Amino acid sequence: MAAGYYTTSTAFLEALAEAGVKYVFANLGSDHPGIIEALAQARGQEREPPFPRLIVCPHETVALSAAHAYASVSRTPQAVLVHVDAGTQNMGGAVSNAMRGRVPVLIFAGTAPYTLAGELPGSRTEFIHWIQDVHDQRGIMRGYVKYDNEIRTGRNVKQLVHRAMQIARSEPAGPVYLTGPREVMEEPLEPYATDPAHYSPVAPGALTQAVTQEIATALAGASRPLIITSYLGRNPGAVPALVELAELLAIPVIESAAFHMNFPGDHPLHSGYQFTTTQQNPLLAEADVILVVDSDVPWIHASSRPAPDAAIYGIDIDPLKPDMPMWHIPARRFAAADSKEALAQVTRYVLDHVLIVQGAVEVRRAQVTAANRARRDALDALERPADGMITPRYLTACVRELLAGTGAIVLTEAITSYQVVAEHLRASRPGSLLGSGGGSLGWAGGGAVGAKLASPERAVVCLTGDGSYLFGVPSSAQWVARRYGAPALTIIYDNHGWAAPKFSTLLVHAEGAAAAADDFHVSFEPAADLPGVARAAGDAYAVTVSDPQALPLALKDALAVVQGGRSAVVSVQLPPV
Ligand SMILES: Cc1ncc(C[n+]2csc(CCOP(=O)(O)OP(=O)(O)O)c2C)c(N)n1
Ligand SMILES: [Mg+2]
């Protein structure tokens with residue numbers, strides 16, 4: 001480094017490193033010379049901790065999705081660097097996914113220089129600096145981030161980074177957004193230090209004694225208790241706490257709209273998965289006490305709801321969901337708490353204070369176990385091809401067999417096959433299944449890169465719809481995977497189009513003209529060579545499979561390729577939409 005070279009950009013990168021950021025998923029532009037120069041100046045220096053590594057992402061969706069999945073897997077937030085308003089806009093729905101997934105990530109974008117004629121280092125030098133100057137760049141992100149601010153001087157940039165990270169990591173976690181004008185990012189400074197230990201995330205909250213007693217007593221006294229959860233497994237450490245409580249009182253557990261492994265799929269008390277329901281769930285209708293833990297969508301009133309007199313309790317890291325303009329469950333008590341802590345408190349209370357009606361609990365355990373065995377047997381029977389074609393259930397069963405004992409991380413963006421993937425994969429290890437948590441498609445492509453960088457020793461397998469594969473900008477994602485040695489196995493649930501909008505239309509207009517004419521505008525015919533995109537962009541091993549008998553071997557070969565260090569994309573041909 002040139003003697004004394006130290007700018008806001010240097011301090012910014014130092015602060016990221018201090019905050020535990022190993023990777024900056026970056027898409028660069030005219031706002032980043034300060035950062036590019038600071039990185040080059042630092043090259044070869046022995047810094048402790050070392051500056052984060054820049055991961056060049058040719059599309060911003062890939063950058064943010066990678067940072068999202070990295071943080072989900074490792075529970076350590078990373079950073080994303082994008083270009084002024086344009087790059088901010090190009091992250092598009094990925095920021096909505098990070099918000100809904102309650103995933104911490106620090107996003108930085110430069111802003112146009114504010115001086116016209118060389119008054120300060122970083123002043124305007126290119127025509128584009130006039131064109132990229134907009135009124136409210138931070139406003140683009142404001143509905144989706146927990147915090148936004150502008151870096152106004154390098155003298156407190158470290159404080160700002162650590163404060164932003166503290167907010168991002170404190171529950172409910174989420175994305176944060178900082179901007180910095182070129183002049184500020186070029187500002188020469190004296191080196192200085194901050195202590196990141198003073199910015200730890202807010203410690204997990206627990207239940208009060210009174211609420212613990214209320215919930216423990218209600219559950220222990222229930223005849224037909226039920227637990228519903230969606231994202232408790234964001235913290236893999238919370239899963240054993242749920243298992244312990246469920247086992248203690250023989251409480252069936254339903255995973256609803258779950259994008260995490262929350263409760264072991266092979267557990268006798270696992271009572272099924274639900275996403276968009278069309279029929280009443282009898283367990284939900286019959287339950288007299290329901291504990292909803294960490295859930296955005298515990299049920300869909302239109303088709304499946306609890307009894308009007310059920311006693312409902314809600315424990316959530318985010319119990320009121322102020323980020324959702326309309327949300328409600330008719331709970332007797334809402335409590336904001338960390339689910340791991342809260343469930344352990346309830347379990348302890350039951351053990352210490354509440355008389356368990358052991359006979360009744362054992363009868364229920366036997367009943368729930370038998371019902372779940374029957375339900376699983378019925379699902380097993382569906383795991384076969386239909387009319388010579390691969391079905392989503394058969395495909396998922398083959399994936400389950402393929403991955404048995406491998407310790408793989410599975411990313412799911414299987415859309416109309418979300419439920420089938422959950423039901424037949426039956427993820428049973430905490431942290432082994434991940435979805436975006438949001439509604440903006442295209443997460444899994446970049447997500448696979450982030451998951452692999454976060455957990456290089458594990459195989460990463462991405463189950464995606466064909467539409468979602470394309471939303472994920474595979475040309476960019478597959479190139480990044482190759483360049484940075486982060487291979488994944490991508491399995492496309494290829495039904496040649498978008499089943500979801502067709503399904504949505506049928507839910508509203510079952511007898512309509514679109515249904516009568518099968519005219520939904522959802523077909524991807526003529527078919528594109530989807531794995532070929534990955535081959536061209538990232539030298540991926542690319543295969544298309546339509547023969548059910550050939551499927552297991554094709555998947556096995558593809559996994560072996562990935563374990564050898566090269567990405568593979570298998571398009572599995574399903575009945576078309
Ligand atoms: C960014 C974005 N654009 C559009 C949508 C609306 N949408 C929801 S599901 C879907 C189709 C997804 O297709 P695919 O991944 O092939 O899954 P399939 O519906 O076929 O199961 C679309 C377009 C969305 N959720 N996100
Ligand atoms: Mg599809």
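Biologist: In which helix does W130 lie?

Modeller: W130 is in helix α6, which covers residues 128-131; helices (H or I, at least four residues) and strands (E, at least two) are DSSP runs numbered from the N terminus. The model is predicted, so local features need pLDDT of at least 70 and side-chain atom pairs pLDDT 80 or more, while totals for chains, interfaces and linings use all residues. Residues are numbered from 1 along each chain as written, chains are lettered from A and ligands numbered from 1 in written order, and side-chain values use heavy atoms without hydrogens or water.

W130 counts as partly exposed because its relative accessibility is 45% (buried is under 20%, exposed over 50%, by a 1.4 Å probe with protein chains only).

For contrast, take Y23 in strand β1, residues 23-26. Y23 counts as buried because its relative accessibility is 11%. Between Y23 and P77 there are 54 residues in sequence, yet their C-alpha atoms are 9.3 Å apart in space.

Helix α16 is mostly covered, with seven of its eight residues buried. The buried residues of α16 are Y418, V420, V421, A422, E423, H424 and L425. R426 follows α16 and has a positive phi, near 50°.

The largest pocket has a volume of about 810 Å³. Its lining has 27 residues, and those nearest the centre are A257, F259, F275, T276 and Y418. Both α16 (418-425) and α20 (499-508) supply at least two residues of that lining, and α20 gives the largest share, three residues. By class, the lining of the largest pocket has twelve nonpolar, eleven polar and four charged residues (Ala, Val, Leu, Ile, Met, Phe, Trp, Tyr, Cys and Pro are nonpolar, Asp, Glu, Lys and Arg charged, the others polar).

The second largest pocket holds about 640 Å³. Of the 30 residues that line the second largest pocket, R75, R169, E171, R234 and D338 lie nearest its centre. Helices α3 (60-74) and α13 (339-353) each give at least two residues to this lining; the largest share, three residues, is from α13. The lining of the second largest pocket divides into 14 nonpolar, seven polar and nine charged residues.

The structure also holds five cavities of 30 Å³ or more (a 1.4 Å probe fits but cannot get out). The largest cavity has a volume of about 140 Å³. It is lined by 18 residues, with A444, G445, A477, Q478 and T490 closest to its centre. Two or more lining residues come from each of α17 (443-454), β15 (460-465) and α19 (474-483). The lining of the largest cavity consists of eleven nonpolar, six polar and one charged residues.

How values were computed
On a 1 Å grid over the protein atoms alone, a cavity is a set of points where a 1.4 Å probe fits but cannot get out, and a pocket is an open set with protein on both sides within 12 Å along at least five of seven lines; lining residues have an atom within 4 Å of a point. Grid points are joined across faces, edges and corners, and a volume is the space filled by probe spheres set on the points.
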